[in-house]
Amino acid sequence: MEPTTYCTNIHPGESWEEIRSGVLGHAPAVAAAVCPDRPFPVGLRLSGRASLEIDDAAARTFADEAASLGLTFRTINGFPYGRFHHTPVKESVYLPDWRDPERAAYTLRLARLLAAWLAEGESGSISTVPIGFRQGFPDAALPAAYAAIRRTLAALAGLYETTGRRIRLAVEAEPGCLIETTAQMAAFFAAVDAPPAHMDHLCVCYDCCHQALQYEDPVASLALLAKNSIAVGHVQVSSALHYDGADVSRLARFVEPVYLHQAVARLHDGTLCRFDDLPQAISARLDGVASWRVHFHLPIFVSQLPECTTTQPFLRTILPLFAPSIPLEVETYTWSVLPAELKTQGLTQSIIREIAWVEAARRP
């Protein structure tokens, strides 16, 4: 079974040196605690800036340093391109999207790095934006975005031919974006229209928080992917807020200025109403609501808060269903904005506790 890991987007850092220091300064302690007898596969986040700063020599040095500490890399978080901590990120996290040539260029820089770090015969995946944020993305721009994705898949196929390392583009459904549900993901795969050899380089980054937010049934969600022959490249493990009741203002303390906290209301008739951020949901004063779910990556061992619960039951159902070879990554990047009572221990110890929780939950 592939060891459960965590995504290093929890460590602030945008330059290559900041990211390198964050990984080498934190991951070895986690690895020693949860994976002492075998290499620990870190889920690496690399910003657009870092991907431009790192050269071949620095990449080789980093791989050697990491290997000496028992760290390896099979996945890269290529979703947030720009600054990701301590500043308003909100909808800018989706930029550049697939309309912008820099999104493809950035992804291919990451792919070449990952190919250099993988052992012969290994494969890896790079998560990415699900085309773009729905607001401000005209339908007329979709053909160009799809064409950019097809060119990227062709380049990944070429990289495989020259290196023997298969790197897959892992599209991550995200609330508020053009792909936010599993059904939309299936429709996207059907619409890409790339040659089969290129489609082998396309997969899903399955974010458990994002699909729980859509009130999806975890078994049905995975069944729909399987029915459409859609592979899961890696899994991001996190929970959302769940509130039974109509008064979403009860969750107002989770409003903060850095990240979007999309909110989804399920009405008594089953209809879903979606809002791009929690303040909009609070202001709407929606009638007929049975419950709310709010996008706020919480420590996964948390099941109960004073005012609500979490979507932890989604994790308990879905985690045992993933094949043992699929990498699972805890992704609680919200550490810097978490309410104080949820930081029950230091950062490293919290990551270790989350990984231990996943390891216990994934075993039937």
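Q: What volume does the largest cavity have?

A: Rolling a probe the size of a water molecule over the atoms shows where empty space is left. A cavity is a set of points on a 1 Å grid over the protein atoms alone where a 1.4 Å probe fits but cannot get out. Grid points are joined across faces, edges and corners, and a volume is the space filled by probe spheres set on the points. In this predicted model, the largest cavity has a volume of about 200 Å³.

Q: Which residues lie nearest the centre of the largest cavity?

A: Lining residues have an atom within 4 Å of a point. The largest cavity has 22 of them, with F79, F84, V93, E174 and Y333 nearest its centre.

Q: At what angle do helix α1 and helix α3 pack?

A: Helices are DSSP runs (H or I, at least four residues), numbered from the N terminus. Axes are lines fitted to C-alpha atoms over the stretch in contact, and angles run from 0 to 180 degrees between N-to-C directions. Helix α1 (residues 16-34) and helix α3 (residues 56-68) pack at about 10°, with axes 11 Å apart. Angles under 35 degrees count as roughly parallel, so α1 and α3 are roughly parallel to each other.

Q: Which residues of α1 and α3 meet?

A: Contact means heavy atoms within 4.5 Å. W16, R20, V23 and L24 in α1 meet A58, F62, E65 and A66 in α3.

Q: What box do the C-alpha atoms fill?

A: Taken along the principal axes, the box is roughly 60 × 50 × 40 Å.

Key. Residues numbered from 1 in each chain as written. Predicted model: local features only at pLDDT ≥ 70, side-chain atom pairs only at ≥ 80, totals over all residues. Heavy atoms only, no water. Helix = DSSP H or I, 4+ residues; strand = E, 2+ residues; numbered from the N terminus. Parallel < 35°, antiparallel > 145°, perpendicular 65-115°, else oblique. 1 Å grid on protein atoms, 1.4 Å probe; cavity = no way out; pocket = protein on both sides within 12 Å on 5 of 7 lines; lining within 4 Å.
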